[in-house]
Amino acid sequence: MRTAIWFQGCSIRCKGCINPHLFSPRGGTQLPVAGIIDDAVAAGVEGLTLIGGEPFDQPDAGCSLATAARAAGLGVIAFSGYEYEALRERDDSTRAFLAKVDLLVDGPYQDWNPETDRALVGSGNQRFIHLTDRYKDYRPELARNRVDIRVRPDGTIEVAGFLDSAALDDLGRLTSSTRTLRGV
Ligand code: SF4
């Protein structure tokens, strides 16, 4: 159980990114760090997942959030479209942020190189880099690539995860037949 924070803005702009609405640095909702941590602790989650958008385009904010999470006993997983080696060479703010991350999932999304087995990542180049031992037993290749699908009472369908176009077509057929049955 985790709290996920999507950072607004991504300067990388991978072709085929599923979150193009997060490319622009404008938009989003400004939230105080303390409020995020209080909500996460009250919800009883194990940690925060920082995703985007690109968390490392806002290293000071990311560092503040990760530092507060650690102080509250929460683990920190961060996704980045930059590779670890490049982040390490960048600047002090970025290195300070990295120092508060337990597990970094790195690398840009490559739409020509889809991941079909490991959980949480979209393309085969992306790596799980353990910066502490906190998640050392997590094995994405065993979790497989799971998809959560929620159908709301009003018929809205929410999908979290990665579906290829054939699977999306199957989902469309399934949900339209479900709606037909419900209507009967
Ligand atoms: S780094 Fe992530 S959020 Fe940014 S464009 Fe690539 S896939 Fe999208």
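Which residue's side chain meets that of glutamate 46 in a salt bridge? The partner is arginine 2, with 2.7 Å from N to O.

## About the model

Local features need pLDDT of at least 70 and side-chain atom pairs count only at pLDDT 80 or more, while totals for chains, interfaces and linings use all residues of this predicted model. Residues are numbered from 1 along each chain as its sequence is written, and side-chain values use heavy atoms, with hydrogens and water left out.

## Salt bridges

The structure holds twelve salt bridges, each defined as a side-chain nitrogen of Lys or Arg within 4 Å of a carboxyl oxygen of Asp or Glu. Let us return to the opening pair, glutamate 46 and arginine 2. It links distant parts of the chain, 44 residues apart: glutamate 46 sits in the loop between α1 and β2 (47-52), and arginine 2 belongs to strand β1. Helices (H or I, at least four residues) and strands (E, at least two) are DSSP runs, numbered from the N terminus. Glutamate 46 has a relative accessible area of 31% and is partly exposed, and arginine 2, at 32%, is partly exposed as well. For these labels, buried means under 20% relative accessible area, exposed over 50%, and partly exposed in between (1.4 Å probe, protein chains only). Salt bridges that share partners also bring in Arg134, giving one network of Arg2, Glu46 and Arg134.

Another salt bridge joins the side chains of aspartate 102 and arginine 70, at 3.2 Å from N to O. Aspartate 102 lies in the loop between α4 (92-98) and β4, and arginine 70 in helix α2, so the pair ties together parts that are 32 residues apart in sequence. Aspartate 102 counts as buried because its relative accessibility is 3%, whereas arginine 70 is partly exposed at 26%. Arginine 150 and glutamate 158 form a salt bridge too, with an N to O distance of 3.8 Å; arginine 150 is partly exposed at 47%, and glutamate 158 is partly exposed at 32%.

Arginine 118 is found in the loop between β4 (103-106) and β5 (127-130). It counts as buried because its relative accessibility is 16%. Its side chain has a polar contact of 2.8 Å with the side chain of glutamate 115. A polar atom of the arginine 118 side chain also lies 2.9 Å from the backbone oxygen of glutamine 126. A polar contact is a pair of N or O atoms within 3.5 Å; within protein, one must be able to donate a hydrogen and the other to accept it, and residues adjacent in sequence count only if both atoms are side-chain atoms.

Glutamate 54 lies in the loop between β2 and α2 and is buried, at 1% relative accessibility. Its C-alpha atom is 16 Å from that of glutamine 110, 56 residues away along the chain.
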